[in-house]
Amino acid sequence: ISAPRCSMAEHPAAADTAIDISDRTGTARQAFKTGDVALSALAHAIPVERHQKSGEFAKTIVFGGLDGIITTFAIVTTIQGASLTTGVVIVLGISNLIADALGMAFGEYVGEKSEQEWIAKERSREKWEFENYKEGEMNEMVELYKQKGFTEEDAKDILTIMSNHKDFFIDHMMVQELGIIPDEEGGNPINGAIIMFFSFVVFGFIPLLSYVALNPIDWSGRYNPVFLVACILTGVALFGLGAFKAKWESQAWWKSGFIVLFNGTIAAVAAYLVSLILEHIVAIGC
């Protein structure tokens, strides 16, 4: 069955500036999302290139940003619930922000580096086994293929051809046997650590922004809106990160935004209530 074919000029998406039809992967995702078979055929007509991983650090940005916002806002709500001063919010908030950002960045670096070293070690082992006992590796792969419904004859034919391309075969073994996808790019873990640090700091500073900006103002005898502004800014930032996260998911952007906002709200309310309870138990205000 042949898929319907159309040129870029013939498909309505060509006139839609919201869809970049020069992006093969992006066009394919849009086709799947809308159920557009013609657009899918158009995506497959675009020359295959090595994908530029636009979402390579998206997880780090979102994770760092969410952790930064929720952690800092939890401190803000805790201090607010304990009725402490604005100066305390700024000092504790910023010092905790930097300390946590450094800890998160170090954790990101160590975790990514450890994973890369483990993958490299496993690949070296598979390569050694392939070079020294190719028959055994072939038999293992044949059994895996048979479990997936291939006949033994078909499995041997496919794997015999594949084994002529050693690097490809070894990578394929890692996926099928170990569930490991080799890191083709071999990215520097320092990059992830830097992104984690700045993501945590930038987004984590948002709950403190109103305290820093409005601190010089004398609110004596007037309502001090600093906490309300912090809540609004934090809510907008949480929703925005959730909407941004939806770019790499099948979930609607508004739904993803509200889910993240809800999670952040639960964490903030919990911190606020705990601070109110502890204030009366340990008499912080005394």
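## What "partly exposed" means

A residue counts as buried under 20% relative accessible area, as exposed over 50%, and as partly exposed in between. Glu117 has a relative accessibility of 48%, so it counts as partly exposed. Keep that scale in mind as you look around this model, which is a predicted one.

## Lys113 and Glu117

What does Glu117 pair with? Its side chain meets that of Lys113 in a salt bridge, with 3.6 Å from N to O. In general, side chains of opposite charge can pair when their charged atoms come close.

Have a look at helix 4, which covers residues 86-132. Lys113 and Glu117 are four residues apart in this helix, so about one helical turn separates them. Lys113 has a relative accessible area of 34%, so this residue is partly exposed, and Glu117, at 48%, is partly exposed too.

Now jump to helix 6, residues 152-162. Here Lys156 forms a salt bridge with Glu152, and their closest N and O atoms are 3.1 Å apart. These two are four residues apart as well, which means about one helical turn lies between them.

How accessible is Lys156? It comes out at 40%, so it counts as partly exposed. Glu152 has a relative accessible area of 37%, which makes it partly exposed.

## A network, and a leucine that touches it

One of the bridges is between Arg125 and Glu126, with the closest N and O atoms 3.5 Å apart. Is Glu126 buried or exposed? At 0% relative accessibility, Glu126 counts as buried, whereas Arg125, at 32%, counts as partly exposed. Over the structure, the count comes to ten salt bridges.

Which residues does Leu178 touch? Leaving out residues up to four places away in sequence, its contacts are Glu122, Arg125, Glu126 and Met173. Leu178 itself lies in helix 7 (residues 166-178), and at 34% relative accessibility it counts as partly exposed. Leu178 and Glu122 are 56 residues apart in sequence, yet their C-alpha atoms are 8.8 Å apart in space.

## Rings that pair up

Time for the aromatic side chains. How many aromatic pairs does the structure hold? There are seven. To describe such a pair, you give the distance of the ring centres and the angle of the planes.

Take Phe239 and Trp253: their ring centres are 6.0 Å apart and their planes sit at 80 degrees, so this pair is edge-to-face. Phe239 lies in helix 10 (residues 226-245) and Trp253 in helix 11 (residues 253-282), so the pair ties together parts that are 14 residues apart in sequence.

Phe239 also forms an aromatic pair with Phe258. That one is edge-to-face too, at 5.1 Å centre to centre with 70 degrees between the planes. It links distant parts of the chain, with Phe239 in helix 10 and Phe258 in helix 11, 19 residues apart. Phe239 has a relative accessible area of 21%, so it is partly exposed, and Phe258, with 48%, is partly exposed as well.

Finally, look for Phe73, Phe227 and Tyr272: ring pairs link these three into a cluster.

Definitions and conventions:
Residues numbered from 1 in each chain as written. Heavy atoms only, no water. Phe/Tyr/Trp six-rings, centres within 6.5 Å; stacked < 30°, edge-to-face > 60°. Buried < 20%, exposed > 50% of the residue type's maximum accessible area, 1.4 Å probe, protein only. Salt bridge = Lys/Arg side-chain N within 4 Å of Asp/Glu carboxyl O. Contact = heavy atoms within 4.5 Å.
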